[in-house]
Amino acid sequence: MELRPSAPTGPAGPTRVADRTGAFDGAGRLVDYWATVYLRTWKGSVVSSFLVPLLYILAMGVLLGGFIKGDPSKLEGATSYLAFVAPGMVAAQAMTTVFGEVTYPVMGMIKWQRIYYSMIATPLTVGDIVFAQLGFVMFRVATVCAVFLAVMSPFGVFASWWGVLVAFFVQLLIGLAFATPIFALTAAMKDESAFSLVFRLGMIPLFLFSGAFFPITNLSAAMEWFARLTPLWHGVDLTRMLVLGTVDVSMAVVHVVYLGLLAAAGWWLTVRNLQRRLVD
Amino acid sequence: MTTGAEESMIRAVDLHKSFGAFEAVRGIDVDVRRGESFGFLGPNGAGKSSTMRMIAAVSPVTSGELRILGMDPAVDGPSIRGRIGVCPQEDTLDTELNVRDNLYIYGRYFGIARAEVRQRSEELLEFVQLTEKAGAKVEDLSGGMKRRLTIARSLINRPDVLLLDEPTTGLDPQARHVVWDRLFRLKQQGVTLVLTTHYMDEAEQLCDRLVVMDKGLIVAQGSPTELIRAHSTREVAELRFRIGEHEAVAPKLEDLAERLEVLPDRILLYTSDGEEAIAKVHERGLDPVMSLVRRSSLEDVFLRLTGRTLVD
């Protein structure tokens, strides 16, 4: 067998690994890793990713919603509470999926299994690693939200098919706008002890008070303004106007720009923080 | 296009590495030639791992010059990493994946075609004697098997240089010998090996040439035999007296050896004839609990150069 490599390189020498060809090449080399991870873990994520959202729809949208006879003008144009809450829950699900993917798993790859260290020992760069992992997170958001939207379609809450299609892509934007800042935060955190705060003081209040379950006009004036600053509200409002067919173009642009800037800034910070963490 | 410079696999001139105010590497010169087996010997904290990480192009050089395969790690990091193999001190295997998948995904990081990686994985599993464990989860492997898998993984890109940071630290004696045997085979095949160790026996077995590091500096270099010849005597007589007697006995023995070291648990007499020295100890009416004669080792070289033992 031939393991050895140190012979002078020539026509008969060991084949040289092709040098990097472009931005997508490095991340592409990580596809097999993430595919292997997904094949190993998808069964475990079925309940939390696919079943729990459906239970929410059933409990909150259908059963609880049956008691709520709101005036459409008070429900941001939705004709029923179910129609109001469903798009909010899709957006919230995009967010919670992301929180799960870029907290403990990232810390594990830094500290416990040290998998990032095996990756940077190869031609891969930190930028490649971040790109590929965000790609995987987007894949998770896409599958979860696609299932969610597909299951909601028989309930007659969608105004148009194209609105739902655009809303699907908006979920990816929402996902990215949460994924990159939290990934950056995790990369800068010493250990996992602060994650419980991230979930309890970050994710859960966002989930409850960003307009997914009730119109934020119901909040006090100060709270309402605070809610309008949160990324989830921008995501919820954008998703809802697309699903219900009540698109306000100027507001939609604000939402997209806000989420896009957050995603871009977070991405930059993630690469910087992870570089500092791994390469010293 | 083969030039003299290309034959120098790793060249460092006045290499420094600092972490904040702490200077881990304080100016070292190193030149590793093709096909050579080169070692960094020193205790924990000597700067060996910091040096290795700079050579592996994952830790920026603070100052000085470093060339790996003729390339500058600050500029050509990915190209350098594509042509070296790294076996880190702490395992970085994915413990939830099986043995074969660990090799496969790692090979893909180098951009090696899928079919080619699969074939190389099987060859390497054979080489490190893990073929039967190919389907086992890594978390179920013993420490020695994990280390062999890490070595196999580091060979997946057929590297020009293999870097091994403390390759057998933490392994039991039997597992160490299996790892040494595999590394020795690689050496026989002409692979350029660069390793760090704080085990003198490992350095003596595997290294053609080594540098002794202490506190971020190189304190001596040469082949194991050259170092022993230059910094120690041919033989060492080790004497153990009853607890607390060593300090009192030592002055009575000083004239029996070229040099004498008092360690907490024994006295070492450096001499060309150990048996004769021990005979004289008894003639003087001293009665050590234990005495033996052995050949000088790198441990003695290190003790001489630094006044400290390697493993403490």
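## A two-chain predicted model, element by element

Reading from the N terminus, the elements of chain A follow the pattern α-α-α-α-α-α-α-α-α-α-α. This is a predicted model, and its chain A has eleven helices and zero strands. Along the principal axes, the C-alpha atoms of chain A fill a box of roughly 80 × 35 × 35 Å.

**Helix packing in chain A**

The crossing of H3(A) with H10(A) is right-handed. From H3(A), the residues in this contact are A:Ala83, A:Pro87, A:Gly88, A:Val90, A:Ala91, A:Ala92 and A:Met95. H10(A) answers with A:Leu232, A:Gly235, A:Val236, A:Thr239, A:Arg240, A:Val243 and A:Leu244. By class, the residues of the contact of H3(A) with H10(A) are ten nonpolar, three polar and one charged.

**The three-stranded sheet of chain B**

Now to chain B and its strands. One open sheet here has three strands in the order S2-S1-S4 (chain B), with antiparallel pairing. S2 and S4 of chain B are the edge strands, each with a single partner strand, so one side of each is left without a neighbour in the sheet. From one strand to the next, the twist averages 20 degrees.

Strand S1 (residues 8–19) and strand S2 (residues 22–33) of chain B run antiparallel and are joined by nine bridges. Along this pairing, B:His16 has B:Arg26 in S2(B) as its bridge partner, and B:Phe19 stands opposite B:Phe22 in S2(B). S1(B) and S2(B) form a hairpin with two residues between the strands, and in this hairpin B:Gly20 takes a positive phi near 60 degrees.

S1(B) also runs antiparallel to strand S4 (residues 63–68) of chain B, this time with five bridges. Here B:Ala12 stands opposite B:Leu66 in S4(B).

**The six-stranded sheet of chain B**

Another open sheet of chain B is built from six strands in the order S5-S6-S7-S3-S8-S9, with mixed pairing. At its edges stand strand S5 (84–87) and strand S9 (217–222) of chain B; each has a single partner strand, so one side of each is left without a neighbour in the sheet. Neighbouring strands of this sheet are turned by 15 degrees against each other on average, direction ignored.

Within this sheet order, strand S3 (residues 37–41) and strand S8 (residues 209–214) of chain B pair in the parallel sense over four bridges. B:Gly39 has B:Leu210 in S8(B) as its bridge partner. Helix H6 (residues 143–154) of chain B lies across S5 and strand S6 (161–165) of chain B, and runs at about 165 degrees to S5(B).

| Strand pair | Sense | Bridges |
|---|---|---|
| S1(B) and S2(B) | antiparallel | nine bridges |
| S1(B) and S4(B) | antiparallel | five bridges |
| S3(B) and S8(B) | parallel | four bridges |

**Domains and a helix pair in chain B**

The domain assignment of chain B gives domain 1 (4–222) and domain 2 (233–295). Taken over C-alpha atoms, the centres of domain 1 and domain 2 of chain B are separated by 39 Å.

Chain B has a helix pair worth a look as well. The axes of helix H9 (residues 224–231) and helix H12 (residues 298–306) of chain B come within 9 Å and cross at roughly 45 degrees. That makes H9(B) oblique to H12(B), and their crossing is left-handed. The contact joins B:Pro224, B:Leu227, B:Ile228 and B:His231 of H9(B) to B:Leu298, B:Val301, B:Arg304 and B:Leu305 of H12(B). The residues of the contact of H9(B) with H12(B) comprise six nonpolar, one polar and one charged.

**Where the chains touch**

Finally, the two chains come together in a contact that takes 42 residues from chain B and 31 residues from chain A. On the side of chain B that touches chain A, helix H3 (73–83), helix H4 (99–109) and helix H5 (114–127) of chain B each supply at least two residues. H4(B) gives the largest share of that side, six residues. By class, the residues of the side of chain B that touches chain A are 19 nonpolar, twelve polar and eleven charged.

Technical notes
Residues are numbered from 1 along each chain as its sequence is written. Chains are lettered from A and ligands numbered from 1 in the order in which they are written. This is a predicted model: local features need pLDDT of at least 70, side-chain atom pairs count only at pLDDT 80 or more; totals for chains, interfaces and linings use all residues. Two residues are in contact if their C-beta atoms, placed from the backbone, lie within 7 Å. Ala, Val, Leu, Ile, Met, Phe, Trp, Tyr, Cys and Pro count as nonpolar, Asp, Glu, Lys and Arg as charged, and the others, Gly among them, as polar. A crossing is left-handed if the near helix is turned anticlockwise from the far one by less than a right angle, and right-handed if clockwise. Domain bounds come from an automatic or database domain assignment. Two strands pair if DSSP finds at least two bridges between them. Axes are lines fitted to C-alpha atoms, for helices over the stretch in contact, and angles run from 0 to 180 degrees between N-to-C directions. Angles under 35 degrees count as roughly parallel, over 145 as roughly antiparallel, 65 to 115 as roughly perpendicular and the rest as oblique.
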